[in-house]
Amino acid sequence: MLFMSLASLLLIAWLTGRGLSDRFLWSQYLLWIPTPLILVTTTLGLIASRAPSRRSRLRRHRTFAWVLALLAIGVYFSFVENALLRRIDPPDAGGIGIMHWTMAHARIERERQSELIARFARDITILSDAHNMPWDEISLF
């Protein structure tokens, strides 16, 4: 029961972070809770919900709620965060394409970062947070 309560609190914190985004300083930290952690926590909450209970109806409702939460988070993770089934390169509509790339991982994998920037570059490409990565390491053409 204690674990389900902790898992529920973490799930509520994650949902609050997604809902409020970085609108407030405190909610910004909740937005940074990684979704895979929530998937694991929700799975463990589902397992804990199957614990024996005197009231089987309550256990069924509890389990159903955790299953729904796990499915909803799985769909969100797959289709929103990871853009499953979404076209990465939309067809050119004849307008100007703009891309903004936050190079948060430039220190870790510079060659891969450069390849991805070149792949997704548009007419106007804005690069930010380069961590002192020299421009000549970024090949756009």
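## Basis and overall composition

Helices (H or I, at least four residues) and strands (E, at least two) are DSSP runs, numbered from the N terminus. On that basis the chain contains five helices and two strands, and the order of its elements from the N terminus on is α-α-α-α-β-α-β. The model is predicted: local features need pLDDT of at least 70, side-chain atom pairs count only at pLDDT 80 or more, and totals for chains, interfaces and linings use all residues. Residues are numbered from 1 along each chain as its sequence is written, and side-chain values use heavy atoms, with hydrogens and water left out.

Burial is judged by relative accessible area: buried means under 20%, exposed over 50%, and partly exposed in between (1.4 Å probe, protein chains only). Of the 141 residues of the chain, 24% count as buried. Contact means heavy atoms within 4.5 Å. Among contacts in the chain with a separation of 6 or more, 55% come from residues 24 or more positions apart.

## Packing of H3 against H4

Axes are lines fitted to C-alpha atoms, for helices over the stretch in contact, and angles run from 0 to 180 degrees between N-to-C directions. Helix H3 (residues 35-49) packs on helix H4 (residues 56-81) at an angle of about 160°, and the two axes are 9 Å apart. That angle makes H3 roughly antiparallel to H4; angles under 35 degrees count as roughly parallel, over 145 as roughly antiparallel, 65 to 115 as roughly perpendicular and the rest as oblique. The crossing of H3 with H4 is left-handed, a term for a near helix turned anticlockwise from the far one by less than a right angle, with clockwise giving right-handed.

On the H3 side, the contact is made by Thr35, Pro36, Ile38, Leu39, Thr42, Thr43, Gly45, Leu46 and Ser49. The H4 side includes Arg59, Arg62, Trp66, Ile73, Phe77 and Glu81. For residue classes, Ala, Val, Leu, Ile, Met, Phe, Trp, Tyr, Cys and Pro count as nonpolar, Asp, Glu, Lys and Arg as charged, and the others, Gly among them, as polar. The contact of H3 with H4 has eleven nonpolar, seven polar and three charged residues.

The contact of H1 with H3 divides into ten nonpolar, five polar and one charged.

The axes of H1 and H4 come within 13 Å and cross at roughly 35°, again in a left-handed crossing. Here Met4, Ala7, Ser8, Leu11, Trp14 and Arg18 of H1 face Arg62, Trp66, Ala69, Ile73, Tyr76 and Glu81 of H4. By class, the contact of H1 with H4 has eight nonpolar, one polar and three charged residues.

## Selected residues of H3

Thr35 lies in H3 and is buried, with a relative accessible area of 1%. Not counting residues up to four places away in sequence, Thr35 touches Trp14, Arg18, Ile73, Tyr76, Phe77 and Glu81. The side chain of Thr35 also makes a polar contact with that of Glu81 at 2.4 Å. A polar contact is a pair of N or O atoms within 3.5 Å; within protein, one must be able to donate a hydrogen and the other to accept it, and residues adjacent in sequence count only if both atoms are side-chain atoms.

Thr42, also placed in H3, counts as buried at 1% relative accessibility. Leaving aside residues up to four places away in sequence, its contacts are Leu11, Trp66, Ala69, Leu70 and Ile73. Thr42 and Met4 are 38 residues apart in sequence and 8.9 Å apart in space, C-alpha to C-alpha. Pro36 of H3 is partly exposed, with a relative accessible area of 39%. The C-alpha atoms of Pro36 and Phe77 are 8.0 Å apart, across 41 residues of sequence.

## The H1–H2 region

Ser21 is in the loop between H1 and helix H2 (25-31). The phi of Ser21 is near 55°, a positive value in a residue other than glycine, and Ser21 counts as partly exposed at 28% relative accessibility. Ser27, found in H2, counts as buried at 0% relative accessibility. Ser27 touches Gly17, Leu20, Ser21 and Asp22, not counting residues up to four places away in sequence.
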